[in-house]
Amino acid sequence: MKPIHNALHKVLQRPLPNDAQCDKCKFFDTTDPRVREILREHNPHTFSQILYNANCRCEDQFHAKKEEQRVMWSNSNIPNRHGDSIARTFSNYHMVDGAKQAYDSTYQFGMQKGPRILTLVGTYASGKSHLLEAVAREWLHDGHSVKYEYVPSMLNELRSASQKPDSTDSSLWDLMKEKFRSKLLILDDLGQETPTDWTRKILTEIVDERIRTNGWLLIATNYTNQQLKERVDERFVSRLFDRSQAIVMTCKSYEKVS
């Protein structure tokens, strides 16, 4: 082990891995399982405190795993992901009448349990987006990649790419595969987009890809099954609701409570 910070000399009875040590501050990456195992073995009664004392102090978060996590959070596109924003989580969700089933189902989904496709149906301001963000945060904290998309904006971006002079069906699909390679895909406000043959085709391809690969998909929409058939496409809606668990939120205005 390389030279360590003076504060650790008395508590470290066994060398810690060199590649888990920060060259700048001489402390360690305490997310490394090898570091945690050694510290727990020799300091079982003060493990939490020694873990805190041994953690790297550097602002640049030297370890590659932490850098990878930062990139994952940045690429996730979830709302309120910046430090000065108020994060929406399960712990600060305000339970209202008509939302318990949605809360319970999304909480299980956040633990990667239950059906792989989950659809929340509810009126505007019923708290759907709060639950979507809470799920995204649970997955990201567990080290899984997430892509959160507001459907109208996503379709506008894909449409712009498809209208470039050198664009082809193949290049558009390559863009979609790159965009949706995350383990969990979240689509917020499905049905808000202006319906066209092109939007129907794109949305159907996205859902079909998740079904075909047994991927995870979380959707929120203001529209019922029948309304979505009219706004999007009957085949698309049949595929979606046949393969997903659909939860109808009967609460009227979550935002007034929160």
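Guide: What follows is a short exchange about ring pairs and cores. This is a predicted model, in which local features need pLDDT of at least 70 and side-chain atom pairs count only at pLDDT 80 or more, while totals for chains, interfaces and linings use all residues. Residues are numbered from 1 along each chain as its sequence is written, and side-chain values use heavy atoms, with hydrogens and water left out.

Visitor: Why is the pair of F90 and Y103 called edge-to-face?

Guide: Rings of Phe, Tyr and Trp (its six-membered ring) pair if their centres lie within 6.5 Å, and planes under 30 degrees apart count as stacked, over 60 as edge-to-face and the rest as tilted. The ring centres of F90 and Y103 are 5.5 Å apart and their planes stand at 90°, so the pair is edge-to-face. The structure holds 7 aromatic pairs, and F90, Y93, Y103 and Y107 form one aromatic cluster.

Visitor: Are F90 and Y103 buried or exposed?

Guide: Both F90 and Y103 are buried, a term that means under 20% relative accessible area, with exposed over 50% and partly exposed in between (1.4 Å probe, protein chains only).

Visitor: What makes a set of residues a nonpolar core?

Guide: Such a core is a set of buried Ala, Val, Leu, Ile, Met, Phe, Trp, Tyr and Cys residues joined through side-chain atoms within 4.5 Å. The largest one has 28 residues, of which F109, L131, V146, L184, I186 and L218 touch the most other members. Its largest share, 7 residues, comes from helix 5. A second, separate core of 26 residues includes I117, L185, Y223 and F236.

Definitions and conventions:
Helices (H or I, at least four residues) and strands (E, at least two) are DSSP runs, numbered from the N terminus.
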